[in-house]
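Okay, thanks for coming, everyone.

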Amino acid sequence: PSLLLALSLLSPWGSAAGTCPLRCVCASNLLSCSQANLSTVPTPLPRFTAVLDLSHNNVTRLRADWAPARLPHLHALLLSHNGLAFVSTEAFAHVPRLRHLDLSSNRLRTLDENLFSDLGELEVLLLYNNEISTVDRTAFENLGRLRKLYLGQNRIARFPLELLREGTRLPQLALLDLSANRLRAVPAGELQALPAWLRDRLYLHNNPLACDCPLFQLLDRGRRRHLSAVEDFQDELRCFLPGATALVKILELAGKPPLNCSKAREAVLEAHLGDSVTLGCDSRWQGVRSRHWVTPGGERVLGDGGNGSVVLLANGSLQLRALRPEDGGTYSCWVAGPLLNETLYVELLVHNFTLHGPHDTLNTAYTTLVGCILSVVLVLIYLYLTPCRCCCCRGTEKPPAPRDDSINSSVLSTTPNHAGGTGEPCGSHVASGAGTGQNGRFKGGGTPPVPARQGPKAQRKVSDPDSVSSVFSDTPIVV
C-alpha cells in the first residue's frame with residue numbers, strides 16, 4: 001500500500017490540481033476529450049497539459065475565459081468538428097506556447113483582426129473545411145514561426161498575396177493550401193518570382209480559375225521542376241476558357257486555341273560583354289547549405305575563382321563579373337537536399353558587344369545609311385519630276401529654248417524656264433533677263449549664250465557642264 005501511495009503522489013493525476021476532467025481520457029500530459037458530447041471546454045485543466053484534444057464535440061464558441069489559468073506547456077490544441085462559429089480575439093492569451101492549432105471542419109466565416117497575434121510560436125494552423133470568405137489583413141500578424149497554413153475548402157475569392165511576400169507577415173511560411181476555394185485569378189508573375197521551395201507547397205487546385213497564358217506558364221514550369229503542388233494535382237488544376245462553361249486542364253493549353261499559349265523557357269539569362277550577372281540556384285529545398293556550381297568548361301566552383309571574376313555568394317548564387325565571350329554556356333548548380341539531390345541548370349547568353357559600344361555604333365551606321373538612301377531618292381525625285389506648268393505665267397520675257405538643246409531643259413535648270421503669255425507674271429517662275437548665276441557665272445535668262453556655229457559641225461548640241469553642276473550645288477548630297 002505504501003508503494004501505491006508513493007506512485008500516486010508522483011503521478012501528475014495524483015493530486016487535486018491534476019485531476020483528469022470528467023469524460024476525458026488522460027495519459028501523462030495528454031488529455032483526450034474527443035467525442036465526449038461537450039458543449040464547453042471542461043474545467044479545470046491541469047497546468048502541465050501539453051496536448052488537448054477537444055475534437056468532435058459541440059463547442060460552438062471559444063471565448064476568452066475557456067482557459068482561465070495560464071497553460072504554459074500546452075503546445076497542441078485540437079478543436080476540429082465542433083460546429084465552431086466564433087473565436088474571441090483574446091481566446092489564445094493564456095496559451096502562448098501553442099505550436100499546433102486545429103480549427104478545421106467548423107463553421108468559421110471570418111478571420112478577424114489580430115485573431116492569432118498572441119501565438120508567436122505557432123508553426124501549424126489548420127483552417128480547412130470552414131466557411132471562411134473574409135480574411136482580415138492583420139489576422140496573421142506576429143506569426144513569425146508559422147510554417148504551414150491550411151485554408152483549403154473555404155469561400156476565399158481573393159488571393160492573399162501579402163502572406164507570401166518575403167519579409168512581411170509570415171517569413172517562415174513553407175506551405176499554403178488555398179485549394180477548393182473561389183479564386184478566379186492569381187498573380188502569376190509575382191508567384192513565379194517566389195522561391196521554388198515555397199512554390200513547391202502552394203496548392204491552387206480545384207479553384208474556378210480563368211484561363212490565361214501566364215497561369216499556364218507558371219504551372220508548366222512547376223511541372224518541369226517536379227514541384228509537388230503541380231505534379232501531384234495535375235488533373236485537378238483546371239480553368240475556364242473565355243466564353244466556355246466547362247473546365248479544361250490548365251497544363252493542356254499549350255498551342256491550343258483560343259489562347260495558343262507557348263511554353264516559357266526556364267532559367268535563360270542574357271548579358272553583354274563586360275557586364276556582371278548573378279545566377280540563382282532556385283532549389284526546392286529550403287535552407288540548403290551544401291551546394292556547388294559547375295561552369296560550362298567543367299570547372300567546379302567552391303569559392304572565389306578567376307581572380308575574383310567568379311564568386312560564390314552566401315545564398316548559393318553564382319556571381320560573374322566582367323563577362324567575356326567564353327563565359328557563355330550552361331551552368332549547373334548541385335544541391336544536396338534532405339531527401340534527394342537536385343541539379344539545376346542556368347543557361348547564360350553573352351552577346352559579343354557591349355551595351356554602350358559597337359552596338360550603338362551599329363545603330364548609328366544603320367541610321368546614316370537610311371538617311372543617305374532617302375537623300376538620293378529625294379534628289380532623283382527633284383531631277384526627274386516635271387515641274388508644274390503654271391497656267392497664269394504667260395510672259396514674253398524670254399524666247400523658248402531650241403528643241404534640240406535638251407541639256408538646257410527645265411529638268412536640269414536650277415530656275416525653271418517656261419514660255420509665258422500676256423497675263424500677270426508668276427513670281428516664283430519668272431526669270432530675270434540677265435543676272436549672275438551660281439559661283440559668280442553669268443547666266444542670261446537662265447540659259448547660257450549659244451556661240452555662232454559654222455560649217456558641218458553647226459548642228460552640234462551645246463554642252464554646258466556648269467549648268468549641270470549648279471543643280472547639284474543647289475541640293476547638296478551627303479554620302
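First, the ground rules. This is a predicted model, so local features need pLDDT of at least 70 and side-chain atom pairs count only at pLDDT 80 or more, while totals for chains, interfaces and linings use all residues. Numbering starts from 1 along each chain as its sequence is written, and side-chain values use heavy atoms, with hydrogens and water left out.

Overall, the protein has seven helices and 26 strands; these are DSSP runs, H or I of at least four residues for helices and E of at least two for strands, numbered from the N terminus. There are 479 residues, and 37% count as buried, meaning under 20% relative accessible area with a 1.4 Å probe, protein chains only. Now contacts, meaning heavy atoms within 4.5 Å: of those with a separation of 6 or more, 62% are between residues 24 or more positions apart.

Next, the cores. A nonpolar core here is a set of buried Ala, Val, Leu, Ile, Met, Phe, Trp, Tyr and Cys residues joined through side-chain atoms within 4.5 Å. The largest one has 71 residues, and Trp66, Phe116, Leu127, Phe140 and Leu149 touch the most other members. Helices α2 (188–192) and α4 (213–224) each supply at least two of its residues, with α4 giving the largest share, four. There's also a second, separate core of 19 residues, including Ala271 and Leu318. Back to Phe140: beyond four places in sequence, its partners include Phe116, Leu127, Leu149 and Arg169.

So what covers the buried residues of α4? Among the elements doing it are α2, α3 (196–199), β14 (209–210) and α5 (228–231). The buried set in α4 includes Leu215, Phe216, Leu219 and also Asp220 and Arg221.

Is His205 buried or exposed? Buried, because its relative accessibility is 8%. His205 sits in the loop between β13 (202–203) and β14, and its contacts beyond four places in sequence are Ser179, Ala180, Phe233, Glu236 and Leu237.

Last, the outside. Leu369, Ile373, Val377, Leu378, Ile381 and Leu385 make a nonpolar surface patch with about 570 Å² of accessible area together. Patch members have over 30% relative accessible area and no salt bridge, and nonpolar side chains are joined within 5 Å, like charges within 9 Å. A salt bridge would be a Lys or Arg side-chain nitrogen within 4 Å of an Asp or Glu carboxyl oxygen. Leu369 itself is in helix α6 (residues 358–384).

Conventions: Areas by Shrake-Rupley, 256 points an atom, 1.4 Å probe, with all protein chains shown as cover. Buried < 20%, exposed > 50% of the residue type's maximum accessible area, 1.4 Å probe, protein only.
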